[in-house]
Amino acid sequence: MPVEIIFLGTAGAVPTENRNLIATLLRRNRDLFLFDVGEDIQRQFVKAKISFNKPLKIFITHFHGDHINGLPGLLFRFSISERSEPLEIYGPKGILSFIKCLDEITGLHNTFPIKVYEFRGNTTLIDTQEYVIRSFIVEHNTE
């Protein structure tokens, strides 16, 4: 089964003229998997011709700003685009509180079904007959 990897952002903590903050999309048939959501993700979706209304699984690897700061805008864009397809968000412990806080403060009011899953450390996030997605602990230098 063919898999397409689309690099929507490859810069570190600071975007450059030619590189956006971290975001990688994996497309496998109808399945879309977004790993991390750096700033300017909405424009990158448009540029890469990625629909705002397809089933999507978002994976947040950790809570550094360059990996999550694009999520509030993307969720808002989904709502104003009248998204109806389901969204799943997988993230470290605390992601559910983050999403609830966004909803309370911004009045997000999603137009689509959303499920949020929290995880810690080494764990299996998704296990189907076709693929498995696991999280694992790594050391991450912040310098």
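Which element of the protein chain has the lowest mean pLDDT, and which the highest? Helix α2, residues 65-68, has the lowest at 90, and strand β4, residues 56-59, has the highest at 97. For anyone new to the term, pLDDT is the predictor's confidence in each residue, from 0 to 100. Over the protein chain the mean is 91, and 99% of the residues reach 70 or more.

So, the ground rules. This is a predicted model, numbered from 1 along each chain as its sequence is written, where local features need pLDDT of at least 70, side-chain atom pairs count only at pLDDT 80 or more, and totals for chains, interfaces and linings use all residues. Side-chain values use heavy atoms, with hydrogens and water left out.

Okay, the overall layout. We have four helices and eight strands in the protein chain; helices (H or I, at least four residues) and strands (E, at least two) are DSSP runs, numbered from the N terminus. Reading from the N terminus, the order is β-β-β-α-β-α-α-β-α-β-β-β. The radius of gyration is 15 Å, close to the 15 Å from the globule rule for 143 residues, so the protein chain is as compact as a globular protein of that length. That radius is taken over C-alpha atoms, and the rule is 2.2 Å times the number of residues to the power 0.38. The C-alpha trace spans about 40 × 35 × 35 Å along its principal axes.

What about burial? Of the 143 residues, 37% count as buried. Buried means under 20% relative accessible area, exposed over 50%, and partly exposed in between, using a 1.4 Å probe and protein chains only. As for contacts between residues at least 6 apart in sequence, 58% join residues at least 24 apart, a contact being heavy atoms within 4.5 Å.

Compare I5, over in strand β1, residues 4-9. I5 is partly exposed, with a relative accessible area of 49%. With residues up to four places away not counted, I5 touches T24, L25 and L26.

On to the rings. How many aromatic pairs does the structure hold? Nine. A pair of aromatic rings is described by the distance of the centres and the angle of the planes. Here, rings of Phe, Tyr and Trp (its six-membered ring) pair if their centres lie within 6.5 Å; planes under 30 degrees apart count as stacked, over 60 as edge-to-face and the rest as tilted.

Take F33 and Y131: centres 5.3 Å apart, planes at 85°, so this pair is edge-to-face. F33 belongs to strand β3 (residues 31-35) and Y131 to the loop between β7 (123-127) and β8 (132-135), so to speak distant parts of the chain, 98 residues apart. Both F33 and Y131 are buried.

Then there's Y90 with Y117: the centres are 4.7 Å apart and the planes at 15°, so this pair is stacked. Y90 is in strand β5 (residues 87-92), Y117 in strand β6 (residues 114-119), and 27 residues separate them. Y90 is buried at 5% relative accessible area, whereas Y117 counts as partly exposed at 33%. Ring pairs also join F33, F35, F59, Y90, Y117 and Y131 into a cluster.

R83 has rings of its own to sit over. Its charged end lies over F78, 4.4 Å from the ring centre, and R83 also lies over the face of F112, at 5.5 Å from that centre. The cut-off is NZ of Lys or CZ of Arg within 6 Å of the ring centre and within 35 degrees of the ring normal.

N29, in the loop between β2 (23-28) and β3, has a positive phi near 55° without being a glycine. E82, in the loop between α3 (71-80) and β5, likewise isn't a glycine and has a positive phi of about 55°. N29 counts as exposed at 51% relative accessibility, and E82 as exposed at 63%.
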